Amino acid sequence: MKFCSSCGSALRLEVPEGDDRERSTCSRCEIVHYVNPRNVVGCLVEDEGRVLLCRRAIEPSRGLWTLPAGFLELDESMVAGAARETIEEALAEVEITAPLAVLDLVHIGQVYTLYRAGFSKPGIGIGPESLEVGMFAPDELPFGELAFPVIHFALKLYLEDLAAGEPRVHQGTLRWSGESSRFDPANYALERHFSHALGGRR
């Protein structure tokens with residue numbers, strides 16, 4: 001933001017009284033405009049041992065595969081938003097069964113919350129933001145063609161749980177090295193990773 005949404009005056013960066021960091025503050029009416037992380041929600045939909053993926057029809061990462069996910073809307077719960085995104089991108093109606101992962105992307109101000117889900121009605125289709133949709137067995141997942149590092153890490157965690165025979169809930173921070181591409185998962189590390197078995201603490 002460069003101008004105040006209240007009075008239209010120019011904004012300046014300053015540390016408000018009682019705060020600990022710079023904020024965009026109106027030079028006239030002195031309203032402080034806070035910018036906070038944005039919530040992204042989505043689903044890992046499982047059916048008969050396969051996972052639903054969508055090939056993106058929009059930038060960024062057009063043509064690459066992702067889990068159905070997108071930004072949470074106002075007046076919408078996290079679960080409702082994840083189910084909506086799955087309908088929009090893959091025309092799939094789902095029942096969310098459990099959380100999968102909450103992953104912080106501090107460098108771009110986003111928090112991803114991904115849920116485990118199954119189909120509530122059969123059928124998938126190509127939504128307006130997708131070029132293609134498909135169901136993938138674990139050994140078919142296109143790790144070399146994934147749209148975002150966060151999807152790469154979420155699928156890896158899912159596969160680890162699958163191998164262990166124990167579904168878990170994960171939380172952590174995906175830390176970008178600051179070097180090279182932000183779209184290459186090799187440039188990230190999963191830090192402060194906590195996991196809990198769905199039936200209890202691990």
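**Aromatic pairs and charges over rings**

Two aromatic pairs were found in this predicted model, a pair being rings of Phe, Tyr or Trp (its six-membered ring) with centres within 6.5 Å. In Trp65 and Phe136 the ring centres are 5.0 Å apart and the planes meet at 75°, so the pair is edge-to-face (over 60 degrees; under 30 counts as stacked, the rest as tilted). Trp65 belongs to strand β6 (residues 65–66) and Phe136 to strand β10 (residues 130–136), so the pair ties together parts 71 residues apart in sequence. Strands are DSSP runs of E of at least two residues, and helices runs of H or I of at least four, numbered from the N terminus. Trp65 is buried at 3% relative accessible area. Phe136 is also buried, at 14%. Buried means under 20%, exposed over 50%, and partly exposed in between (1.4 Å probe, protein chains only).

Phe148 and Phe183 form a tilted pair, with 6.3 Å between centres and 40° between planes. Phe148 sits in the loop between β10 and α2 (149–164). Phe183 sits in the loop between β11 (168–176) and β12 (188–197), 35 residues away. Phe148 is buried at 16%, whereas Phe183 is partly exposed at 38%.

Charges over rings were also found (NZ of Lys or CZ of Arg within 6 Å of the ring centre and within 35 degrees of the ring normal). The charged end of Arg38 lies over the ring of Phe71, 3.9 Å from its centre. Lys156 lies over the face of Phe143, 4.5 Å from the ring centre.

Residues are numbered from 1 along each chain as its sequence is written, and side-chain values use heavy atoms, without hydrogens and water. In this predicted model, local features need pLDDT of at least 70 and side-chain atom pairs count only at pLDDT 80 or more, while totals for chains, interfaces and linings use all residues.
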